Every structure is written in structure tokens, then in C-alpha cells.
Amino acid sequence: MEEHYKFDKDYTFTFGPIENGNGSVHVIEHNSGLEDHIGINIFDQDFQYRSSHKFPTVVADLIDLAVSIHASDRLALQSIRYEQTRIHVILPVRVPEVMNSSTFLVKLVNLLGWTTASQWSFEFLKCADSERLIERQGAIPVIPRSCEVALWSGGLDALAGLYARLASSDAESFLLFGTGSNNITYARQKQVYESLKIPYRVDLSRIPIRFTGSNLHRKNKISRARGVVFTLLGSACAYLMGQKTLHVYENGIGAINLPYRKSAVGLEHTRSVHPLTLLQVSGIVSELIGEKFTVYNPFLFWTKAEMCKELAKYEKDDLVALTMSCDSPHRQQPTQCGYCSSCILRKQALAASHIKDKTSYVLPSKNKRTDDVSLHLRHMLDQVSTIQSLLNVSRTPSAQWQGLTKQFPILDDIVDRSASAENLTASEMQQKLIQLYQSYVNEWDNAGSQILANFSDQISGMPLSNRSPITV
Amino acid sequence: MGLPSKKSLLQVGDENMPDGDIVHSGLGRLYKKPYEWLCEGKATSEECARTPLAALKKDIIRKGNLPVRLSQYMAERLIQTVNAIGDISAVNWTAVNTAFDQIAQQTHGSHALKELTLRAAKSFLHDLRYGQETTISNAPTAILKGFFHEVYESEFKDRIPLTPTHHAGVDPTILDQRIGNIEPTIFTAIQKWANKAVHDGSVKNIRLPRREKIKEIDLNENIGW
């Protein structure tokens, strides 16, 4: 049955200039005919610390693009299982010629299709003079030295990754970049940073995005463009610091985020910091600034537990409880649920790296018997069991790889498209990924029983997988 | 097309988080009865296979012809590429995979349907790449068959709850065995559906297999209680 559409798009977002105080977006929902004006602003004062006096116009445009994606993604209702939402964005920029080029548009639309499941289109208009203060003010020049700019989410991977990089990177200094429109996350980014107490080597830059007058507008529940927005703004920050690389500290298991079972389809698992997402963001930023720029995850081949071991080396275990991993934070203390997949991976990593987890979670500290709190755990264990059986088929890496890629074809795509960016041959990258999943399975074997203890009421007496059960 | 309703964004029974993984807690309405029949184990394997097959057929028809068209486009692209080179082992797999992604990307429809078709197409590509498949002449049917298989797994087999005890107190191992028993019938039907749908360019007229005729008792036959 062919679909006939009344409109060729579902939403049109017409942005005014992105500003610090009076910015707004005009939203049209074509099918319902509803229209709305919503305030959207960026607070970018932290960008006054930069290496060049003049604020590059392409970077200002990159920031505006990130803000427009953030706002459109939050304000358009989108679905993974049902018909794709068609989103049209009209944005005034300083150099529309570059952004309206077909090369740039194709890359941008592909990236957003891959990360959000919706169909996006863009129209970039020439804007009048920008009202943003940061472009008219001079810079507060930073001392030029080698600096590693990294995303700073306030999460455990960011913290553990930082300590690992402090030990291994040649960079003289680190600039941690945070953003978002959530006050709690924003405050947490600062709190974790302040607890580091390494003021001369590590700085923090935060650029929040704020909505105003949006309370009555129904927002998208599944905000899959968050990673894209974060990396685009992080790239702007890195470029302003004279760097051509933005670092993302994320463990390989979480970054690749394979489906737990076949029932998980496409974007039901986020691709926020997926290697192919980072590769595409690199391409877009490079296209815009006219030179090679890379978004790089140095921990693609590390498990979360391996990252956490770096924290243990520095005896920074106490900082762990300050970080947030939860996908479903509660409003009251304790805020982290303890049973979503991100909380479970966190618990598994801490247990496997022998770090005492002092985090307060809803589970098991409070009885929560109304929901099936072991749902995510069961799915994760099923995946571990699947990977284990695929790896156990043979000791030959080529046979193991064939088995893994038959079940998870995306792994072939990752190697095919990103091995050269990783400076690896295809075969070397395959072996590193096999090792990553082998380590992950081993960690569950060794530390899984500690996690299961939290769920003892919910899972007692069950084989944890329908397939060959993993030993825990 | 209307905008997705609030209910469609937050499906009943799903765990839904802002940027977290969505994990399905159980079967959709269409597949509950087949699951319960399998657990109860009252029917023969053939009868047990018919209920999930009937649900699967209904589901496939409901999902529409987008996967038929996508399979066709992807198969054509693959055949063009291989014919231009003349040798499967010399195919640039990255280029073909990217082309498949582009085809899906440029087609408007449900993300989930496009992803399931992509999975099927990439699985066929995987088999060619690693020598488990050697011919491309059947590519349209093979990809569409793969899609039907993906629907079966994603909507039924891998949506069966991971619980210690199933409906009617059935042990997971027993249920696994029963699923194993019905799968040959299901896969045979899927193959026929793929042939028919590729031929018709539509899933509209796929049919359930005929019931096996019950052998009539010959009055002269000694049935030997």
C-alpha cells in the first residue's frame, strides 16, 4: 500500500539568528497546523578563551548548526518503529555557500538519518550581522601549548578516560568541554571537574543551550541527536583552541552498543558516540572548516572496566560516586536507578576493576518491586551469552570474526570504514575488536555474581539466558 | 500520514529512556497466542507452527511493500556491481555496504522496516563475502527471505520474555525445543513467501501452506490399538 502525503514535511523549524538572549525558533507542525514560537539561546561566554583573536565565522556557523539540531530534535516528535518524521530546518548563517553545497548537505543529512531515524533537510540563509557578544568581543588569549580537548559529560567514562589520558597523552594541558540544556547535568559537570583538583593542567569549558517558553510544547522523548550536538560543539571548542582533534572518552562496548537481542532494531540502541557517528562528524567539520578535523575515541578497544582500572591506579575511587551514568535518573535521591543498562554496565565495570562502588542507586537501596527491574540485566546477559558462544566456536580469529559479523554485521562496517582512521589494517582492527568482546565476556564471568546479588529477588532460580547460560 | 501519536512514541510494555537503550519486555499482541500455544504444547508441531505462521503472515502484510522494493533495489545494485567486475571475490564490500545504506537512507518509510531490510541485505552480503554463498542470481529472493526471517526473530523468537518460567509453567529449555521443532515448517513457508512476493512485487497475496491432509482410515486396515 502506497502512502500519500498531504505535506512533504512534518515539521518546519525557522530559526532566527542564534543569540545569547533573544533567539527564537518558529515551529510549524504541518499535519496539525499548529504553530509555536519558542526561545532558544546559547551561553557561549566560555569561548572567549581561545587561541585566535578573531572568532572564525565558520565556527560560529558550526555552533548555530548544533543549536538548531538540538532544538529541532527536542521539539519534533520522532518515532523509531513507525513512519519517519520529516524535519525541515531553515537557519540563517554567516557563510551559507559552504553549508548549502551538496557535499556538505549530503553528509549532514546522512549523519542525522543515521543517528535520529528521521529525514532531515536544511536551508541555510544569509544572516545579517550576528548579535552574539562573543563574536564582537576580543579573545582572552590562551597560552599556546599542546592541549587535548575532550568531551566532559560528568559520566564515569569521561572521568576514567581523563585519568588514563593524563598518564598516556603528550598533551601539556586538557580542556574538558561540557554542554546540554539540563541543569542537573550541567551542575554535575562542574562538580566532578572541581573534585579533580588538577587546576593547572585541566580546565573546564561549558556552553549550555537553553529553551524558554517551551513548557507547553510536547517534546521528543527519545533524543538521539544528543551525541551529534555534543560532538559538533566540542569540535568548535577544539578548533577555537587551535586543535584539529576532539577527543571522546567512551568505552568500546558502550560506543558500539550492539543490540542485546534481535528484538532491538536500529536506533533502539543509541548511536551517540558510535565509531561511524564520530567518523561522520569528523567529515562534516572537516568540510566546513576546509581542513582535516578528527573526532577521536582513544578507548574504542577498551572495556569500561579497563578504563576504570586507570582510576584505581590514581587512587581516585572516591570520585566515582560523583559521576552519573544513569539513563533514567530519578528526581529524588538516590537519582541513579541501578537497573538500566548504563547503570548495570557501570556496576559491572566497577566490580570487574575491583573499585568499591559507593554510588547510591535506587536498586538495591530501596525496594522497587513494581517494575521488572531485571529486564535490562536479562537482556545484557543474553547478549553476553551470545557473544561468548560466537567466540567459543573457534580459536581462530578469522572464524571468530565470521561468527561475530554474521550476528552483528555492523562490526564489518566499522572495520571497513574506520580502520584507516585508526591507523590499523582491517585484520588488526578485527583482532582488537575480538579482544574487546572477549575481555567483556571474561569480566562478566569474573564479576557478574556481584551484579546478580543486587537482583537476587528478581532472578533467583532462572537460567539467565535462553541460550547457553553464562557462568556467574 | 499523521504525526506519530504519543502512544506510538512510548509503546506499551517498552522501557523508554531519553538516550538510553529501548528494551522490549515481551511479545506484541499478534504473537501472544502463538507463544501461549507453544507453551501449552497441546497441539501437534504442524498446528503449533501454523499459529506463529499466521501471525507472521499478518504482520508481514501489515508491514507493507517497502521491504520488497528495498530488497529489489539492493539486489539490483549488488548484481550490477558484481557483473561489472565479473568476480565476486573482487567486490569492494565497503562500497556495496555504503550503497545499501544510501538506498535505505534515501527511501522514506519506517526506520525499523528499513533497518530489518538492511540487516537481511547485509547478512546476504556477509555470506557472499565469506564464501557461504556463491551466487547472486537469487539475490532479490534471498534478501527478502532474510527480511521475513528478521521479522520472525525480532517480533517473535527474540521477543519471547527471558523468564525462568514461561506461560503454563513451561521451562525455557522445553520452549526452545518446541520452537526448534516448528522452525523447519516456518522457514519453508518463508522461502515460498519470498518467491511469491518477489514474483508479484508485493506481499499482499502470500498464503499459509496447505494443511497436511489427515489420512483417512481404511475400514479394512488394522489400526491395532
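Trainee: In which element is Gln383(A) found, and why is this residue called buried?

Mentor: In this predicted model, Gln383(A) belongs to helix 13 of chain A, residues 375-392. The relative accessibility of Gln383(A) is 4%, and buried means under 20%, so Gln383(A) counts as buried.

Trainee: What makes the pair Gln383(A) and Pro259(A) a polar contact?

Mentor: A polar atom of the Gln383(A) side chain lies 3.2 Å from the backbone oxygen of Pro259(A). Beyond four places in sequence, Gln383(A) is in contact with Leu258(A), Pro259(A), Tyr260(A) and Tyr440(A).

Trainee: Why is His354(A) called exposed?

Mentor: His354(A) has a relative accessible area of 72%, and exposed means over 50%, so the term applies to His354(A). This histidine is in the loop between helix 11 (341-352) and helix 12 (362-365) of chain A. Phi of His354(A) is also positive, near 60°.

Trainee: How do you know that Leu175(B) is buried, and which residues does it touch?

Mentor: At 1% relative accessibility, against a limit of under 20%, Leu175(B) counts as buried. Leu175(B) is placed in helix 8 of chain B. Not counting residues up to four places away in sequence, Leu175(B) touches Tyr35(B), Leu38(B), Cys39(B), Ile160(B), His166(B) and Val170(B).

Trainee: What makes the pair Lys262(A) and Glu150(B) a salt bridge?

Mentor: The side chains meet at 3.2 Å, N to O. The rule requires a Lys or Arg side-chain nitrogen within 4 Å of a carboxyl oxygen of Asp or Glu, so this pair qualifies. Across the interface of chain B and chain A the rule finds nine salt bridges. There are also 38 residue pairs in polar contact between the two chains, both residues at pLDDT 80 or more.

Trainee: Which element gives the largest share of the side of chain B that touches chain A?

Mentor: Helix 6 of chain B gives the largest share, 11 residues. The residues on this side of chain B divide into 17 nonpolar, 25 polar and 19 charged. The contact takes 61 residues from chain B and 67 residues from chain A. The area buried between the chains is about 6100 Å², with 49% from carbon and sulfur atoms.

Trainee: How do you know that the length of helix 6 of chain B agrees with expectation?

Mentor: At 1.5 Å a residue, its 19 residues should span 27 Å, and the end C-alpha atoms are 26 Å apart, so the two values agree.

Trainee: What makes helix 6 of chain B mostly covered, and what is found at its start?

Mentor: Of its 19 residues, 18 are buried. At the start of the helix, a side-chain oxygen of Ser110(B) reaches to within 3.2 Å of the backbone nitrogen of Ala112(B). Helix 6 is followed by Gly131(B), whose phi is positive, near 80°.

Technical notes. Residues numbered from 1 in each chain as written. Chains lettered and ligands numbered in written order. Predicted model: local features only at pLDDT ≥ 70, side-chain atom pairs only at ≥ 80, totals over all residues. Heavy atoms only, no water. Contact = heavy atoms within 4.5 Å. Buried area = accessible area lost by both parts, 1.4 Å probe. Polar contact = N/O pair within 3.5 Å; in protein donor to acceptor, adjacent residues only side chain to side chain. Helix = DSSP H or I, 4+ residues; strand = E, 2+ residues; numbered from the N terminus. Nonpolar A, V, L, I, M, F, W, Y, C, P; charged D, E, K, R; others polar. Buried < 20%, exposed > 50% of the residue type's maximum accessible area, 1.4 Å probe, protein only. Expected span 1.5 Å × (residues − 1).
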